[in-house]
Amino acid sequence: YNTTNLLHLLRYMVSDRHALLGGSAAGFVVDIALFPIDTIKTRMQSKQGLRSLGLSDLHKLKGVGAAAVGSMPGSALFFLTYEHVKRMNPGGGITLHMMASSLGEIVACFVRVPTEVVKQRVQAKLASSSWAGLRDTIAHSGLRGLYVGYGTTVMREIPFAAIQYPIWEKLRAAYNPEGSGWKSGVFGSIAGAMAGGVTTPIDVVKTRIMLSTTNEGVVTVIKQLHSEGLSAFFKGFSARIGWLSIGGFVYLGTYQTVIELFT
C-alpha cells in the first residue's frame, strides 16, 4: 500500500515537472537574492529592533544557509499542490485560486517553517550561524521547537496567498495570455505588495513567536505588541512591502520563465 502510494506520488511529480522545476527555481532565486532585505525586516520586527541590532554585518548574509535549504523544496511543494488543485476544476475562478493557494501554503509550511525558525534566529543574532541555530533550537525545545509559529505562519500565508494568487491569475489571464515571464513578474509584484501590506500585523506576530526564547504564545505576543502601541503591529511594513514587491516580480517571473523554457 505504501509502495503503491509512493509510486503514484513519484509519477505525479515527474508528470508535473514544470511546477517542480519552476517552483524550485523561483524559491531559490527569490530567497537568496532578497535575503538582505528579509534580514532588515526581521530585525525591525524583533523586540530588540533595528537600531539595536544594526546593519553592520548585513553583508555576511548570516542565516542564508537555512534559507537556501528550505527555499527549493518549500516552493516546489507549493506549486505542485497549487497546480494540481487548479487542474481539478480547470474552469474555476477566484474561489478555486484561493483554495489552491491556501492548500499549497499549508503543505509548503511543513518544510518552510523549520528553516524560517532557524533563519530568523540567526538574523536576529540569537544564533551565530544556521547550524548553531538548528542545534540550539533542538537542544532547547526539541524537534517541536522547529515548528514554533507553524500555526501563525499558516494564519499569515493563507490570507496572503488568497489575496496574491487570485489577483495574479486575474491580471495574467487579462493581460498576459501569451505567458510572458516578465509580465508575470510585474503582476506578481503588484499582487505581492497588496497582499503583503494587508498581512503585515500577522507577520509581526509570527516573527515575535519564532524569535521567542520562552515559547510565548499568540495571545501573549499580541498583548506585548499592544502595549507597545498600534504601530508595533506594522513594524517592518516598508521593508515587507519592498521585499514582496520585488520578490513577487522575481518569484512569479522566474516561475513563468522556467515553465516557458521547458514547454
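Trainee: Where is Met 99 placed, and what makes that element a helix?

Mentor: Met 99 lies in helix H6, residues 94–123. Helices here are DSSP runs of H or I with at least four residues, strands are runs of E with at least two, and numbering starts at the N terminus. The model is a predicted one, in which local features need pLDDT of at least 70 and side-chain atom pairs count only at pLDDT 80 or more, while totals for chains, interfaces and linings use all residues. Residues are numbered from 1 along each chain as its sequence is written, and side-chain values use heavy atoms, with hydrogens and water left out.

Trainee: Why is Met 99 called partly exposed?

Mentor: Buried means under 20% relative accessible area, exposed means over 50%, and partly exposed is in between (1.4 Å probe, protein chains only). Met 99 has 45% relative accessibility, so Met 99 counts as partly exposed.

Trainee: Which residues form the nonpolar patch on the surface?

Mentor: The patch is made of Met 99, Leu 103, Ile 106, Phe 110 and Tyr 147, and their accessible area together is about 440 Å². A patch takes residues with over 30% relative accessible area and no salt bridge, joining like charges within 9 Å and nonpolar side chains (Val, Leu, Ile, Met, Phe, Trp, Tyr) within 5 Å. Areas come from the Shrake-Rupley method with a 1.4 Å probe, and for residues only the protein chains shown count as cover.

Trainee: What makes the contact of Glu 105 and Arg 112 a salt bridge?

Mentor: A salt bridge is a side-chain nitrogen of Lys or Arg within 4 Å of a carboxyl oxygen of Asp or Glu. For Glu 105 and Arg 112 the N to O distance is 2.5 Å, and that rule gives a count of 20 salt bridges. Glu 105 counts as buried because its relative accessibility is 5%.

Trainee: How do you know that Lys 235 and Glu 228 meet in a salt bridge?

Mentor: Their side chains come to 3.2 Å, N to O. Lys 235 has a relative accessible area of 27% and is therefore partly exposed; Glu 228, with 37%, is partly exposed. Elsewhere, salt bridges that share partners join Asp 38, Lys 41, Glu 105, Arg 112, Glu 116, Lys 119, Arg 156, Glu 157, Asp 203, Lys 206 and Arg 240 into one network.

Trainee: Which residue forms a salt bridge with Arg 135?

Mentor: Asp 136 does, with the closest N and O atoms 3.5 Å apart. Arg 135 is in helix H7, residues 130–141. Arg 135 counts as partly exposed because its relative accessibility is 45%, and Asp 136 counts as partly exposed at 35%.

Trainee: What is the volume of the largest pocket, and which residues line it?

Mentor: Its volume is about 150 Å³. Among the lining residues are Arg 121, Asp 136, Thr 137 and His 140, and H7 gives the largest share, 5 residues. On a 1 Å grid over the protein atoms alone, a pocket is an open set with protein on both sides within 12 Å along at least five of seven lines, a cavity is a set of points where a 1.4 Å probe fits but cannot get out, and lining residues have an atom within 4 Å of a point. Grid points are joined across faces, edges and corners, and a volume is the space filled by probe spheres set on the points.

Trainee: How many cavities does the structure hold?

Mentor: There are 2 cavities of 30 Å³ or more. The largest cavity holds about 640 Å³ of space. Of its 32 lining residues, Asp 31, Arg 112, Arg 156, Glu 157 and Trp 243 are the closest to its centre. H5 supplies the largest share of this lining, 7 residues.

Trainee: What is the volume of the second largest cavity?

Mentor: It is about 40 Å³. Its lining includes Phe 35, Thr 39, Arg 43 and Leu 61, and H3 supplies the largest share, 3 residues.

Trainee: What is the phi of Leu 61?

Mentor: Leu 61 has a positive phi of about 55° although it is not a glycine. Leu 61 sits in the loop between helix H4 (49–53) and H5, and counts as partly exposed because its relative accessibility is 32%.
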